[in-house]
Amino acid sequence: MATPTLDKADSAGQPEAGFADTPYITATFRIRRFNPEVSADAVWEDFQLEIDPKERVLDALHKIKWDQDGTLTFRRSCAHGICGSDAMRINGKNRLACKTLIKDINPEKPITVEAIKGLTVLKDLVVDMDPFFQAYRDVMPFLITKDTNEPTRERLQSAEDRERFDDTTKCILCAACTSSCPVFWNDGQYFGPAAIVNAHRFIFDSRDEAGEQRLEILNDKDGVWRCRTTFNCTDACPRGIEVTKAIQEVKRALITRRF
Ligand code: SF4
Ligand code: FES
């Protein structure tokens with residue numbers, strides 16, 4: 001199949017010459033199906049559809065669900081990379097379906113779509129997120145201060161202090177990092193990158209006063225020391241967060257007790 005030509009809109013928002021002729025392609029989506037009410041085994045199932053390669057994998061899943069098989073089950077909400085609900089393994093890599101353009105994932109070959117790894121699959125592309133969110137809750141992802149009086153104005157912070165944890169504020173809790181981590185695949189007991197990222201966000205916040213507590217939580221046998229620095233998490237993060245760097249900073253804070 002010829003590689004589709006992809007045209008851009010001009011500055012006035014009008015399609016450039018050739019845009020209208022952009023060929024739809026016939027793409028094959030090979031989806032890992034699992035329905036515990038039907039079988040204990042998961043199976044791959046192929047779906048073919050005519051689609052504009054500039055559309056996203058989420059659009060393809062919608063088309064399959066609406067036109068071919070209404071039982072296809074997946075999560076999604078915002079469709080714009082904000083809610084974090086549609087992380088899945090696409091061509092063997094964790095990605096958000098709503099942020100993955102079909103043209104970017106070699107649509108000339110079957111595109112594989114399966115549930116993220118390390119969490120129990122409930123149906124098709126939907127996994128049980130409870131262990132993931134429990135680890136998130138365990139690091140106390142909220143501001144804690146010792147001051148029992150309500151402040152009468154906002155808690156001030158310098159731009160430099162705010163910058164210290166800026167990267168880790170971008171997390172959308174999609175689980176792409178945690179479910180790409182081989183340590184997490186092994187036994188699922190490891191807190192996982194996402195929980196550490198969200199602990200980092202508060203440990204390095206100059207307004208927070210529970211950093212020591214969070215560090216002790218992550219000093220656990222299933223905490224930061226289990227990280228093997230494979231960088232899978234950083235590669236998987238759709239928000240571009242330097243996840244491995246954040247984990248390293250938490251490890252360093254545990255050793256130096258400076259944060
Ligand atoms: S750190 Fe990145 S990959 Fe991990 S949960 Fe947050 S947004 Fe998703
Ligand atoms: S549907 Fe919300 S991030 Fe993709």
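**Exercises on a predicted protein model**

Thr-229 is found in the loop between helix H6 (211-218) and helix H7 (232-236). Helices (H or I, at least four residues) and strands (E, at least two) are DSSP runs, numbered from the N terminus. Residues are numbered from 1 along each chain as its sequence is written, while chains are lettered from A and ligands numbered from 1 in the order in which they are written. This is a predicted model, in which local features need pLDDT of at least 70 and side-chain atom pairs count only at pLDDT 80 or more, whereas totals for chains, interfaces and linings use all residues.

**Exercise 1.** Determine whether Thr-229 is buried or exposed.

*Solution.* Step 1: state the rule. A residue is buried if 20 or more other C-beta atoms lie within 10 Å of its own, exposed if 12 or fewer, and partly exposed in between, with C-beta atoms placed from the backbone. Step 2: apply the rule. Thr-229 has 11 other C-beta atoms within 10 Å, and therefore it is exposed. Step 3: consider the backbone. Most residues other than glycine have a negative phi. Thr-229, although not a glycine, has a positive phi of about 55°.

**Exercise 2.** State the strand order of the open sheet of five strands and identify its edge strands.

*Solution.* Step 1: the order is E2-E1-E5-E3-E4, with mixed pairing. Two strands pair if DSSP finds at least two bridges between them. Step 2: strand E2 (43-51) and E4 each pair on one side only, and these are the edge strands. Step 3: ignoring direction, neighbouring strands of this sheet are turned by 35° against each other on average. Axes are lines fitted to C-alpha atoms, for helices over the stretch in contact, and angles run from 0 to 180 degrees between N-to-C directions. Step 4: E3 and E4 run antiparallel and are joined by four bridges. Ile-90 stands opposite Lys-93 in E4. Step 5: helix H1 (residues 57-67) packs on the sheet and touches strand E1 (25-33), E2, E3 and strand E5 (111-114). The direction of H1 makes about 100° with that of E2.

**Exercise 3.** Which residues come nearest to ligand 1?

*Solution.* Step 1: a residue is near a molecule if its C-beta atom, placed from the backbone, lies within 6 Å of it. Step 2: of the 16 residues around ligand 1, the nearest are Cys-171, Cys-174, Cys-177, Ala-194 and Cys-237. Step 3: helix H5 (residues 193-203) gives the most to this shell, with three residues. Step 4: the shell divides into 14 nonpolar, one polar and one charged residue. Here Ala, Val, Leu, Ile, Met, Phe, Trp, Tyr, Cys and Pro count as nonpolar, Asp, Glu, Lys and Arg as charged, and the others, Gly among them, as polar.

**Exercise 4.** How is the protein chain divided into domains?

*Solution.* Step 1: the division is into domain 1 (21-127) and domain 2 (130-256), with bounds that come from an automatic or database domain assignment. Step 2: the C-alpha centres of domain 1 and domain 2 lie 29 Å apart. Step 3: the contact takes 13 residues from domain 1 and 14 residues from domain 2, where two residues are in contact if their C-beta atoms, placed from the backbone, lie within 7 Å.
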